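Good morning, and thank you for coming. I would like to take you through one model, beginning with a single charged residue and ending with the interface.

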Amino acid sequence: VKTLRVNMDRLEAKWESVLPEYERLGGRALIAKILLTEVPPQCEPLGPYNRLIFAPGLLGGTSLSSSGRLSIGGKSPLTGGVKEANCGGNGGSDLARLGVKALVVEGQPTDGKLYQLHVSSAGAELLSADEWRGLGTYDTAEKAQERWGASCTVISIGQAGEFLMSAAGVVCTGYGEQNSRVAARGGLGALMGSKGLKAVVLDSSATDALQAVDPELFHASARRFAKELIESPKTGREGAMHNFGTSAIVAAVNEMGAFPTRNFSVGSFEAVENLCGQRLREITLERGGKIGTPCMAGCVIACCNMFVDEDGKPVVSTLQYETIGLLGSNLGLGTLDEIAHLNRLCNDFGLDSIEAGAALGVAAEAGLARFGDKDSFVSLLEEIAAGSVLGRVLGQGAAVTGRVLGVSRVPVAKGQAMPAYDPRALKGNGVTYATSPMGADHTAGNAFGIRQQVNPLGTEGQCEASLKLQLDVTILDSTGLCLFARPPVFGDPQLMVDLINGRFGWRWSVEDLQEYKKAVLQMELAFNEKAGFTSADARIPEYMTREPLPPHNTVFDVPDAELDAIFSAL
Amino acid sequence: LDLGGCEVSVADLLARLDIETAKVGIVTVDRRQSGFDELVPASCRVCVFPPMFGG
């Protein structure tokens, strides 16, 4: 296993031995360590000193179900702090099977041109991609696969990344029709654009699944892991996640009053029945689309979909909960067809649908678009892709959009747009948004899952619950496991230990695992502190502490002192 | 559902609707999350969802 270092100043790719201090780290943990070790925390995110890092998880590239997520990271152009965003698809597994512990992109090209990096068993090479300038991610992937083969994985940026917009994500092809998996958050597409890197193409066709050092332990653990997922009432074949995907929770979050509607002004949407998981399933199957399909080979959960139009033509894979919230109810749009259209544009332009949806909601509040009028939002997205002045404002995300347009009701934390849970009605998520080193990010510790233990509308116990969630997800993000695969390993942490020990022959204990989780958060917090973050950055926007959110008419009122003390036990 | 003026718990209500509690992830009563033991007030809105979790 090697580190692949790509220097964009010299336009060279070099294989290096993995540093000893990086050996036991993967995915998010490795990104945090590289950032803390190699990147000046106060550097310009779009400048030459920042690094763009691609890292599979520790369990990536193996035969383990749901383990192939790809972590991408760097200093965030959006938040100015540490950033790891991960995506499904084939990228994580491919990189791991190609023997890449981390792909670290450094420097910037001096010629202003765009490049592609091709990695295969034969090696790595940088080639011109200037002919792909201005292409969306769908066309970029098609061009790359025409050149390198249809089985190659393509990780690319669209127009938003080329324009260095902070709402830009990185898009990765996946299994089958799942051609648009997005490491969306934090503006990593802009970081990739700043490196002059249009695409990374991975050809793992000459590789096999990675072998375990202790095959008996690993395979027994992997079998148990898959069996528990298949038998789970949530993730099994009869479960909501397989049958409805992430959209399963639309109706529930709406009923709980936390579903962002018309720029987070209301917590329930009158047309929710048209957006819920049941409706998505019905019309997708009626039209000949797909439900219950995997984004990565061998995933036993298979929670994805292929949404098609009335003629059965594919529109987007996968239409997900967060997008339904931010590009749907948040914009007052009440049909899945409208949302899918906007989602397709975001994926093509290489935009984070959460950040873009929040920015569009702010723009609508400023009068630049009309809630409920899809065409007005399409026009704004097209401004982004065209790189007009207005588009460049919107493409910088919700916070910049609010400042430029004079809107103070902007749903962000650390400058990053909130996902589709209003923190006034799901206060645990508000704590996570405020305190996570990542900014407002539901995947950093989603309290929707602990609603039975902690009253979503109360303040008591929210910080303790959020901290536990924030710790637990670090190990998923560092092993390449999907969030949905958490029940078996959260239920029995020894199972995670056995998987890791089986894969590498280590002798970790459950206590070691807990220390690992703490170390990840500690590294990320240390980076942010050195970058200049203070307690003032660990807050929910003021208007959410003053303006009650219907229907519960609650505000976010977890005390600042509790937010400030959340990590004191680390 | 007409409960005939009887005071019932969420669990009773689910039983009357022939819904197994093992297949229930979330119950809300008038938009607030509810446990199986809680009483269902008259003229309220009850929603039942399967086990699920957020992304």
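Let us begin with Lys468(A), which is exposed at a relative accessible area of 53%; here buried means under 20% relative accessible area, exposed over 50% and partly exposed in between, with a 1.4 Å probe and protein chains only. Please bear in mind that this is a predicted model, in which local features need pLDDT of at least 70 and side-chain atom pairs count only at pLDDT 80 or more, while totals for chains, interfaces and linings use all residues. Residues are numbered from 1 along each chain as its sequence is written, chains are lettered from A and ligands numbered from 1 in the order in which they are written, and side-chain values use heavy atoms, with hydrogens and water left out.

Which residue forms a salt bridge with Lys468(A)? The partner is Asp472(A), with the closest N and O atoms 2.8 Å apart; a salt bridge is a side-chain nitrogen of Lys or Arg within 4 Å of a carboxyl oxygen of Asp or Glu. Helices (H or I, at least four residues) and strands (E, at least two) are DSSP runs, numbered from the N terminus.

Salt bridges that share partners also build a network, joining Arg5(A), Glu16(A), Glu38(A), Arg51(A) and Glu106(A). Within it, Arg5(A) and Glu16(A) pair with their closest N and O atoms 2.9 Å apart. Arg5(A) lies in strand β1 (residues 2-7) and Glu16(A) in strand β2 (residues 12-17) of chain A, so the pair ties together parts that are eleven residues apart in sequence. Arg5(A) is buried at 12%, whereas Glu16(A) is partly exposed at 34%.

A further salt bridge joins the side chains of Arg185(A) and Asp352(A), at 2.8 Å from N to O. This pair links distant parts of the chain, 167 residues apart: Arg185(A) is in the loop between β11 (181-183) and α5 (188-194), and Asp352(A) in the loop between α11 (336-349) and α12 (353-365), both of chain A. Arg185(A) is buried at 7%, and Asp352(A) is buried at 2%. Over all chains, the count comes to 34 salt bridges.

I turn now to the interface. There, 15 residues of chain B are in contact with 28 residues of chain A, contact meaning heavy atoms within 4.5 Å. How many salt bridges are counted between chain B and chain A? The count is one, and it is formed by the side chains of Glu255(A) and Arg45(B), at 2.7 Å from N to O. On the side of chain B that touches chain A, the elements giving two or more residues are β2 (26-29), β3 (32-33) and β5 (46-49) of chain B.

These three strands form an open sheet in the order β3-β2-β5, with antiparallel pairing; two strands pair if DSSP finds at least two bridges between them. β3 and β5 of chain B stand at the edges with a single partner strand each, so one side of each is left without a neighbour in the sheet. Between β2(B) and β3(B) there are two bridges, and Thr28(B) has Gln33(B) in β3(B) as its bridge partner.
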